[in-house]
Amino acid sequence: MSLTRKNFFADRDIQVILGTLLRVGVIASMSVVLVGGFLYLLSNHSAPVDYGDFNPNKSGLSSIFAIFIGLRELDPKAIIQFGTLLLIFTPVARVVFSIFSFLIERDYLYVLIGSFVLMVILYSLSDKLVG
Amino acid sequence: MSVLLFTIIVLAGAFLAGLVGSLTGLGGGVIIIPLLTLALGVDIHYAIGASIVSVIATSSGSAAAYVKEGITNIRIGMFLEVATTVSAVIGAVITVYLNPGFIAVVFGLILLFSAAMMVIKKVDRSDNDTSGKLAVFFKLNGTYPTENGPKNYAVHRVAGGFVMMFFAGIISGLLGIGSGALKVIAMDNIMRIPFKVSTTTSNFMMGVTAAASAIVYLHRGQIDPGIAMPVTIGVLTGATIGSKILVRAKTDKLKVVFAVVVTFLALQMIYNGLSGKL
């Protein structure tokens with residue numbers, strides 16, 4: 001009984017840290033998107049929009065490398081895209097965190113399962129999947 | 001249309017989508033995609049990219065509030081993510097090869113299904129009867145806190161739930177939505193997980209699943225900063241305000257009204273998809 005209670009509280013600690021992690025991730029990415037969006041509107045507000053046809057090369061910001069290059073030049077679109085990237089990686093951080101908490105609990109079956117999920121996400125990072 | 005006007009319209013639409021989405025339990029994507037494609041003439045591939053980002057935003061935003069209650073079953077979530085991440089990546093990879101009209105029709109059908117699921121009264125089928133071998137092996141059974149102390153629950157039909165989740169992941173990757181209605185079927189109806197646990201666990205999974213397909217979309221250029229920016233900001237603001245008023249609001253009537261709106265949008269998407277206008 002005392003063992004399960006102890007685990008329950010350990011789980012709760014992890015949950016609280018997780019909640020903070022998620023909130024920080026969302027707030028950070030939103031702030032970056034807001035800054036980028038403001039700069040983007042400042043320089044492009046009266047340009048016409050053209051999203052009628054899908055063109056894979058239009059934004060030129062379709063890799064993490066390209067986003068960082070644009071970030072160095074303070075390109076507003078790259079700043080927005082960087083904020084989006086932070087948002088995408090918030091749940092990924094949650095998976096990494098969960099793997100560590102399973103490791104602490106010595107639940108190796110779930111370390112394995114979590115690592116597999118992480119591998120799938122990391123595999124999608126390689127652009128082999130996009131033809 | 002100028003960038004400024006476009007941004008304002010999308011921002012307002014995304015705000016409403018996030019607000020109503022969090023009040024009714026339906027994600028923002030079901031409004032975002034029709035708004036962008038039907039009303040603003042945006043190509044559906046861009047709409048999908050913007051929508052998946054909003055799914056991550058709402059998932060992480062509301063999860064931060066949910067985890068305080070401490071009832072997410074991380075093991076169930078992680079176990080089912082094996083199915084959803086693989087299938088979401090598959091869905092995201094194949095979506096670009098599909099005819100936009102076909103995607104619109106599938107989207108419309110899923111919308112109709114989601115609208116029906118929203119108004120049907122849900123029944124909590126959870127119990128603590130003996131569960132299968134798989135649930136024991138994967139340690140999926142758990143407890144959740146109630147006023148009378150922790151309550152045990154058993155997870156049923158793990159294989160069936162896993163397969164259903166695989167399907168939900170494909171739809172999520174294909175259409176850029178959270179496909180919450182399908183996850184409800186898998187977790188509540190098939191696996192018989194109690195509501196208190198399934199809602200938060202499904203939300204946890206939605207963010208991870210969406211992240212997997214979002215990366216594929218990003219590489220393909222489907223996430224355009226000019227669309228993603230107002231969608232993300234709007235949906236997140238709307239969902240945050242929505243979850244604050246949710247505690248006080250009576251949502252039954254709103255759900256019926258919203259179901260009618262969603263049905264109308266679904267028929268529009270199907271019609272436009274079939275007639276090749278998208």
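**View 1. Helix α9(B) is mostly covered, with 24 of its 26 residues buried.** A residue counts as buried if 20 or more other C-beta atoms, placed from the backbone, lie within 10 Å of its own. The model is predicted: local features need pLDDT of at least 70, side-chain atom pairs count only at pLDDT 80 or more, and totals for chains, interfaces and linings use all residues. Residues are numbered from 1 along each chain as its sequence is written, and chains are lettered from A in the order in which they are written. From first C-alpha to last, α9(B) reaches 37 Å, close to the 38 Å expected at 1.5 Å a residue. That expected span is 1.5 Å times one less than the number of residues. B:Gly221 follows α9(B) and has a positive phi, near 85 degrees.

**View 2. Helices α8 (180-190) and α9 (195-220) of chain B cross at roughly 135 degrees, their axes coming within 10 Å.** α8(B) brings B:Gly180, B:Lys183, B:Met187 and B:Asp188 to the contact, and α9(B) brings B:Phe195, B:Ser198, B:Ser202 and B:Met206. Contact means C-beta atoms, placed from the backbone, within 7 Å. By class, these residues are 3 nonpolar, 3 polar and 2 charged.

Note on methods
Axes are lines fitted to C-alpha atoms, for helices over the stretch in contact, and angles run from 0 to 180 degrees between N-to-C directions. Helices (H or I, at least four residues) and strands (E, at least two) are DSSP runs, numbered from the N terminus. Two residues are in contact if their C-beta atoms, placed from the backbone, lie within 7 Å. Ala, Val, Leu, Ile, Met, Phe, Trp, Tyr, Cys and Pro count as nonpolar, Asp, Glu, Lys and Arg as charged, and the others, Gly among them, as polar. A residue is buried if 20 or more other C-beta atoms lie within 10 Å of its own, exposed if 12 or fewer, and partly exposed in between; C-beta atoms are placed from the backbone.
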